[in-house]
Every structure is written in C-alpha cells, then in structure tokens.
Amino acid sequence: MNAKKVVMDADGIDRSLTRVAYELLERNKGVEDMVLVGIQTGGVFLAERLKKKISRIEGADVPMGVLDITLYRDDLRTSNRKPRLGKTDIPFSLDDKIVVLIDDVLFTGRTIRAAMDALIDFGRPKLIQLAVLIDRGHRELPIRADFVGKNLPSSLWEAVTVSLKEKSGRDEVIIEENP
Amino acid sequence: MRLLLRGARVVDPSQPIDEKIDILIENGKIVRMGKNIYKAKTQNGEESPSTLKTLDLRGKIVVPGLIDMHTHLREPGFEYKETIQTGCEAAAAGGFTAVACMPNTNPVNDNRSVTESIIRRARECNLCHVYPVAAISRRSEGAALAEFWDLKDAGAVAFSDDGKPVMNAALMRRAMEYACSLDMPVISHCEDLHLSAGGAMNEGFVSTELGLHGIPSMAEEVMAARDILIAEFTGTAIHIAHVSTAGTVRLIREAKVRGIRVTAETAPHYFTLTDEAVREFDVNAKVNPPLRGVEDVAAVREGLRDGTIDVIAGDHAPHAMTDKDVEFDEAAFGMVALETSLGLSLKLVSDGILTLDQLIRKMSTAPARILRIPGGTLKAGAVADVTVIDPAAVWTVDRDRFRSRGRNTPFHGWDMKGKSVMTIVGGKIRHHEP
Amino acid sequence: MRLTKKDLLGMKDLSIDEINLILDTAESFIEVSTREIKKVPTLRGKMIINLFMEPSTRTRTSFEIAGKRLSADTINISASTSSAVKGETLIDMARNLEAMNPDVIVIRHGASGAPHLLAKRIRQSVINAGDGAHEHPTQALLDMMTIKAKKGRIAGLKAAIVGDIAHSRVARSNIYGLTRMGAQVAVAGPATMLPRFIEQMGVTVHHRIEDAIRGADIIMMLRIQMEREHQNIFPSLREYAKYFGLNRKNIRLAKDDVLVMHPGPINRGIEIAPDIADGPASVILEQVTNGVAVRMALLYLLSGGKA
C-alpha cells in the first residue's frame with residue numbers, strides 16, 4: 001500500500017520544459033506579444049524556467065507575471081479552510097497580448113478557470129494559452145492544455161506531487177496512493 | 001401545636017450557646033431549651049407524641065432565624081422584577097425569617113400608606129417577617145425630609161435613601177438628628193454621585209482595560225467619612241450599607257475606636273468576588289457599589305473577622321432579563337442574594353475567617369439589634385424564628401430554580417457546602433427541604 | 001496557519017501568529033486596490049451588515065469598500081440613538097439581523113462590550129469596528145500594517161501615543177497590538193486623560209508630550225474630543241494645543257525618520273499642527289489606504305463556509 005513512484009526526475013522535467021519552450025516559440029512564431037503568467041506557487045517557478053529557456057533559444061526577454069488565484073476560487077464558500085493568500089504581480093498590460101498561463105499540474109481544470117477569470121479582470125488578451133508540466137486527466141470543466149510536459153494517466157485516489165528545486169530542493173514528480 | 005427540635009447543635013450568639021440541646025416551641029414562642037426535653041416530657045406522661053411534633057435534627061445546626069437587613073422586594077411598582085410574595089419565598093428558601101426592604105419602589109416608600117401596604121402584603125404572604133425601611137427624603141430626591149414619626153408609627157424600622165444617596169450633607173445631618181430622637185437607625189448608601197457619575201464598574205485596572213467608566217473606591221469613602229463625621233458631631237448613630245472598599249473598612253474601624261456610633265454591613269459578593277468577575281462584560285456582576293479589587297476583598301474579610309463590619313446583608317436586587325440583557329453600560333445594577341447568601345457566607349467559616357457563632361451574629365443577632373426588631377435569639381420567650389442548617393449539604397447554585405423572580409446572579413453553577421434546610425417563622429415551618 | 005476565531009472582537013485576543021497572518025493577507029489585498037478593476041469575486045453572494053450605532057464616516061466607508069471589492073453585498077444600518085433609547089434592545093436588533101442570514105456583522109457601538117454581547121448571541125462572525133473606549137482592532141491592525149510597510153518591522157520600535165488615552169479605544173488596541181509584537185510603547189497626556197493602572201498594560205506613562213516622543217520611531221496622535229472640555233478633562237483647547245499638540249518644534253525630539261500617525265478625523269491645529277499633518281513624516285493617508293486592505297483581509301479570513 002501507499003506505493004510511491006517517481007514518474008519524472010530532474011532530467012525528465014528539464015527535457016520536457018525544453019520541448020515546451022520550443023513548442024511555444026514554434027506555435028507563436030517567436031516571442032512577439034508573448035507574456036508568461038505563472039500560477040502561484042508551482043507555476044511561478046516553471047514560468048521562470050521557461051522564461052530562461054526562451055531567452056537562451058531566442059535571445060529575447062519575455063515579460064513574466066505572477067498570479068494568485070485564491071480570490072477567484074469556487075470552493076471558498078464551501079470550505080472553511082482559507083488558503084494563505086499569495087502575491088499577484090502582473091506589472092504590464094495584458095491587452096492584445098498572447099498570455100501563456102503556466103501551472104504545474106492540470107487536474108480538474110478549476111484552477112485554470114479561476115486563473116482565466118482573474119486574467120480577464122486585468123485586461124483583454126488577444127489569446128490565452130495554457131502550458132502545464134503534468135496533465136493527469138479527470139477534467140471537470142471543458143479545459144484543455146495547449147502545451148503538456150507529460151500526460152500522466154492517474155486514478156482519483158492517487159496524488160500527484162510536483163517538487164521543484166526552488167521550493168523543496170529537488171526536482172521530481174511523484175505519484176502515490178492517497179494516504 | 002407544639003414543636004420539638006431534637007438532637008441538633010444549637011448555636012445562639014445572643015446567649016451565647018453552642019451545644020447539642022433540644023428546643024421546645026409552643027404558640028409561636030420558644031418555651032425552653034434543654035437536654036433531653038423529649039425524654040423527660042414523655043416519661044412524665046405530660047406529653048403524647050400526637051400533640052407534639054418532633055423533628056429529628058441530628059447532624060443539623062439550629063440557629064436564630066437569619067435576618068437580611070438589606071433587600072429590594074420591588075413591590076409596589078416593579079412587580080415584574082420581584083413581588084413581596086416571591087421575595088419572601090426566596091427569603092424563606094434561603095434561610096431568612098425576616099427581611100428589611102429598601103424604599104426605592106414606585107411610589108417610593110416615603111409615606112405611611114406605602115409602608116402600611118407593604119406590611120399588609122407581607123402579612124398576606126405569611127412567609128417571613130418583612131420590615132420596611134422608609135425613605136429619608138420625599139421621593140428620595142434628597143431635598144425634604146419624609147415624615148419620620150408617621151413612618152415609624154406605620155411600622156418602618158429604619159430610614160435610608162438607598163440607591164439615591166443623600167448628597168446634601170445638611171439634609172443628612174438633619175435626618176440623623178431627627179431619627180436619633182425617635183431611636184430609629186439611618187442606613188447610608190455611601191456614594192458621591194459626582195465621583196461615580198457615568199460609572200459602570202470599579203475604577204481599576206480592569207475598567208482601564210475594558211474601557212468602561214469607573215466608579216472610584218473614593219466615591220464610597222468620602223461619603224462614609226462624611227456620615228461618620230456627622231455622627232461624631234451630632235452624637236447620633238449611622239449604619240453604613242454594603243461596605244465594599246478597604247478605605248471604608250478603615251474609616252469605620254477608626255470611628256469605632258473613637259467611640260462613634262457607627263455600624264456597618266457588607267454583602268457576600270464583596271467578600272467573594274473581585275472586579276475580575278466583570279471581565280467578560282458579565283452584567284450579572286454589575287452591582288452598586290461595584291465589585292472591587294483584591295485588596296478591598298481582603299480588607300472586607302478582615303473587617304468581618306475583627307468585628308468592624310457588624311452585619312452580612314445580601315443587598316438582594318432582583319431584575320428582569322430586560323433590565324440586564326443589554327449593553328453593559330445600560331444594564332441595571334444589582335444581583336439577587338437571598339438564595340445564595342448563606343452558602344457564600346458559610347465559606348467564611350470553612351475559610352477560618354469567622355466562627356459559626358460570629359457568622360450567625362452577623363446574619364441574625366446584630367441586624368435584629370441594629371433595627372430594634374424581634375429575633376436574633378433563641379432565648380426562652382423569644383419569637384420562634386429558627387433556621388436549620390445542614391452543614392454537610394453539598395449543592396450547586398441553579399438560578400433556574402430560584403424562588404425569586406430575579407435570575408441575575410454571577411454565582412450560577414457554583415458549588416456550595418452547607419445550606420438552610422428548614423425555616424421556622426413564628427413557630428411555623430415556612431420552608432422545608434427533605 | 002489560519003484564523004480559527006468566529007469573531008474579531010479585540011487585539012487582546014490575537015496571538016502574534018494571528019496578527020502576522022492578518023497583516024500578510026492584507027498586504028496581498030493592497031494590490032487588488034491598485035487594479036483597474038478593483039474587485040475580485042471572492043465573497044460573491046455573501047452579505048455583510050455594517051451596524052453603526054455611533055456616527056462614523058471613515059470606518060464605515062472603509063468596511064463598505066472592503067466588502068464591495070470582495071464582491072460581497074454590504075448593507076449599512078446606522079442608528080444615531082442607543083438601542084435602549086430607541087426601545088429596541090441590541091439583542092432584538094441582532095436577532096432580527098440574524099434572521100436575514102448575513103455572513104458577517106460589523107458593529108460600531110458607543111458602549112464597551114456591545115460587540116461581545118452580539119457575538120455571544122448570534123451564529124455569524126462579528127467584527128468590532130470600535131466599542132466605547134474599549135477596542136478598535138481594525139484601526140490597530142491598519143496602523144501596524146502601515147508601520148510594517150514603512151519600517152519593515154514592528155519589534156524593537158519605540159512608539160508614543162499621545163492624547164486622551166482614557167477615552168480612546170484606538171490607544172488600547174494599539175497598546176495590545178504593538179506591545180505583543182515587541183514594540184515599546186509610551187503614552188502621554190495630562191493625568192486626567194491617563195486611566196489608572198495603565199502602566200500595567202506594559203507602557204511607560206508620561207505627563208509631557210516631549211518625554212514620550214523623545215527618540216520615538218512612531219508618534220500616534222489621538223483625536224481630542226471637544227466635548228470633554230466640559231467634563232474638566234482639560235481646561236481649554238488652547239491650552240491643550242499648546243502643551244500637548246505635536247508641532248514643528250517638539251517633533252525634533254523624535255527620530256529623524258519618525259512616522260506621524262492619526263486615526264482621524266484630525267482636529268488641525270489642536271492635537272497636530274497643520275504642517276506636520278501634511279508633512280513628510282505623516283502617513284495619515286497611507287493609514288486610510290491600508291484600512292481598506294486590512295478590512296478586506298479580515299472579511300476574507302472570517303467569512304467562509306459554515307463549520
């Protein structure tokens with residue numbers, strides 16, 4: 001019981017991100033009008049890494065913002081647990097931009113719904129794209145990622161955890177049965 | 001009907017006596033005290049058990065009926081708070097055979113007709129003796145004297161503007177002089193209204209923290225000092241009501257040493273609680289004078305111990321929920337006392353502050369003497385007002401079971417040891433707990 | 001860490017962790033107020049009742065804006081007379097409000113302890129927006145937020161609170177909050193304005209403004225209530241302004257980077273000289289801005305699913 005499996009190690013994560021960076025540039029034909037917005041907290045670290053990779057590949061600096069979606073969540077009314085509020089910092093206009101939303105795990109889709117509501121309060125992007133490291137399925141909303149690091153079929157009683165160096169000191173993706 | 005109280009420990013400070021002895025009551029009077037009255041009577045064939053009711057009181061304490069010289073029965077005018085009937089039921093249940101009731105009714109008891117109506121109602125209730133205290137000034141407005149002689153004739157036993165203190169020192173002087181010539185006591189509620197204005201609790205650290213306007217201890221003390229000075233100058237007597245501060249205790253102690261005719265009472269809450277009881281804005285702990293600090297409580301207890309404070313009186317002040325269930329500033333002052341007084345006072349005995357004899361003196365013999373009323377003794381020939389105490393009874397205060405209409409007590413849920421189990425008034429059992 | 005309390009009644013009840021949580025959360029809300037669309041859907045469908053039993057513009061407006069920025073419905077009920085005078089008791093009023101199913105009740109009341117009475121009787125969260133001379137916790141929190149933003153910390157700072165401490169709920173809440181967070185607090189005013197045993201709250205007591213503000217990092221000037229003149233709390237406004245007002249001269253005794261604060265509304269030229277109120281040391285307007293953020297944070301932290 002409680003089998004813990006590493007499904008991606010540091011090299012795997014890095015290779016996936018590199019591929020996603022290339023795909024981003026390919027799909028959008030460069031970096032023109034592109035901005036990255038990382039969703040607190042995991043998405044922010046991934047956005048920073050993608051920004052660096054894009055800069056290395058393309059030699060261009062893409063603006064990057066940070067979005068905390070807590071205030072847009074749909075479960076505040078039903079849960080007594082109040083998540084700690086994070087910072088939102090989008091120091092540029094989103095009007096007519098290609099906004100690449102970045103998160104670590106795509107699951108039910110509710111976080112992305114909240115993130116899109118928030119983005120629209122900040123301006124009117126030309127296009128919103130979604131990049132995630134892991135897509136584990138089980139969508140509850142009609143939401144699909146444009147760029148996926150790894151598709152990871154999982155069951156509902158499993159937990160998928162993305163650890164990143166910036167926070168926990170090591171890069172890995174773990175799947176385990178819910179304790 | 002004859003009543004024999006058998007096997008109890010009898011404590012009567014008026015004789016003084018403290019021993020296991022029987023008491024025979026006949027025609028509402030105490031006939032005699034002695035060892036084995038029962039045996040003697042039946043052996044001589046004088047007595048058959050059918051005409052003599054015998055109460056086996058082994059393990060109990062028999063004392064002269066308790067007297068609470070400071071109560072508010074609220075009738076006439078505030079029957080929604082308490083009536084003479086419910087007040088007397090509470091008194092009997094609390095072990096009191098007599099109560100004196102303050103004149104702050106509506107109308108104020110400042111004339112013969114009010115005094116007479118209170119006495120009449122009390123007779124109809126026929127539960128315990130009720131002695132009206134009449135107002136010092138008309139409508140207790142502090143301006144003109146009430147008709148003292150007429151009030152005395154009607155049955156008033158003392159004069160007081162309790163709750164509406166006499167601010168005018170000249171009026172107080174005249175009241176004390178005039179009352180003295182009638183051999184009537186004046187009871188002073190000591191409070192300087194300018195110093196206490198707007199106050200809701202004791203002025204101290206708790207009031208500072210709670211941001212409530214404080215009543216300084218000095219508001220009581222300057223008036224106690226004034227009344228003592230008047231008593232000294234005029235050679236009259238004064239009884240200081242509900243002493244709550246260390247300063248007042250000291251003033252009375254010094255006055256007594258100087259031979260001034262001053263007596264004093266305090267209430268159980270002043271030797272039991274401090275202003276910390278107000279912490280959670282508990283309106284049931286809002287009284288006037290207010291609950292004071294730790295040093296004051298210690299001084300009041302010392303005053304009781306050394307005899308400076310002659311009397312324990314409850315200042316029973318029943319209120320309806322509507323008077324209390326409001327913002328602290330708006331809430332009425334006062335707490336009920338009749339049904340918790342003895343329990344709280346017995347704690348003084350278990351704490352070693354008073355002997356049982358001294359306690360009964362303060363709750364029976366002394367108030368009878370100060371008010372010049374019958375009672376306070378079990379001597380042969382005295383009216384048969386008797387309280388039976390079970391010193392071992394352990395009980396919990398439950399305000400929902402009070403006979404009083406008032407539920408305003410901060411002692412709800414308190415554990416007590418010792419309670420009155422029987423109250424005999426004029427030879428009749430008015431309250432009996434199995 | 002989360003706020004597990006049902007109500008916010010006073011600073012006295014808040015732990016260091018709770019204060020930090022509220023201040024950190026409030027900081028996140030500052031950003032919301034700078035957006036073009038200053039509104040987030042967080043409390044959509046929630047109802048907040050502002051029950052103001054004492055006149056107030058600033059605090060009421062601040063709570064109203066805070067609620068609206070979180071998409072809650074805010075309803076203002078003002079009553080200029082005390083409930084007892086009106087014939088309806090506070091309890092009755094509270095029960096009526098409770099029946100309308102609000103989520104949070106914000107109460108300002110002239111009687112100390114009124115919010116506590118309310119909180120004991122109703123299910124909903126109660127936020128104390130000032131009760132008598134007792135507490136005004138949201139004011140203290142916004143003051144502390146302002147201090148933290150400007151100084152980076154609260155611990156170790158020297159704060160002076162000057163004015164009618166005895167009648168000030170702002171003073172009490174700040175004394176609790178600042179001392180708990182490790183600041184040193186000095187209070188000053190004529191003896192008639194300093195309540196007995198105030199030193200037991202952990203402050204030093206001074207009868208001259210100069211003694212309190214010497215070396216201070218923060219000076220909080222309290223609003224002088226004109227009507228107290230008639231209660232002989234002080235002889236005249238003229239004398240008060242002259243001996244207890246903060247001015248260009250005595251402010252030099254404080255640190256060079258001193259912050260001057262005031263809960264408002266200001267009596268210009270009485271407790272504070274106009275050039276000081278508008279001067280570089282003054283953070284009075286930041287206090288107002290932060291007030292909205294702090295109240296958003298509290299509404300956010302306290303309103304939520306039923307337990």
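This is a predicted model: local features need pLDDT of at least 70, side-chain atom pairs count only at pLDDT 80 or more; totals for chains, interfaces and linings use all residues.
Select the residues in contact: 17 on chain B meet 26 on chain C. Together the two chains bury about 1700 Å². Carbon and sulfur atoms account for 52% of that area.

Next, show the polar side of the interface. The rule finds 3 salt bridges between chain B and chain C. It also finds 9 residue pairs in polar contact across this interface, with both residues at pLDDT 80 or more. Zoom in on Asp325(B) and Arg121(C). These two form a salt bridge. Their closest N and O atoms lie 2.6 Å apart.

Now stay on chain B and select residues 341–350, which make up helix 13. Colour by relative accessibility. Of the 10 residues here, 7 are buried, so helix 13 is largely enclosed by the rest of the structure. Pick out the buried ones: Ser341(B), Leu342(B), Gly343(B), Leu344(B), Ser345(B), Leu346(B) and Leu348(B).

Step just past the end of helix 13 to Gly352(B). Check its backbone: phi is positive there, at about 80 degrees.

Last stop: the surface of chain B. The three form a nonpolar patch. Leu195(B) sits in helix 6 of chain B, residues 193–196. Is Leu195(B) buried, partly exposed or exposed? Its relative accessibility is 31%, so Leu195(B) counts as partly exposed.

Technical notes
Residues are numbered from 1 along each chain as its sequence is written. Chains are lettered from A and ligands numbered from 1 in the order in which they are written. Side-chain values use heavy atoms; hydrogens and water are left out. Patches are made of residues with over 30% relative accessible area and no salt bridge: like charges are joined within 9 Å, nonpolar side chains (Val, Leu, Ile, Met, Phe, Trp, Tyr) within 5 Å. Accessible areas come from the Shrake-Rupley method with a 1.4 Å probe; for residues, only the protein chains shown count as cover. A salt bridge is a side-chain nitrogen of Lys or Arg within 4 Å of a carboxyl oxygen of Asp or Glu. Helices (H or I, at least four residues) and strands (E, at least two) are DSSP runs, numbered from the N terminus. Buried means under 20% relative accessible area, exposed over 50%, partly exposed in between (1.4 Å probe, protein chains only). Contact means heavy atoms within 4.5 Å. Buried area is the accessible area (1.4 Å probe) that two parts lose on being put together, summed over both. A polar contact is a pair of N or O atoms within 3.5 Å; within protein, one must be able to donate a hydrogen and the other to accept it, and residues adjacent in sequence count only if both atoms are side-chain atoms.
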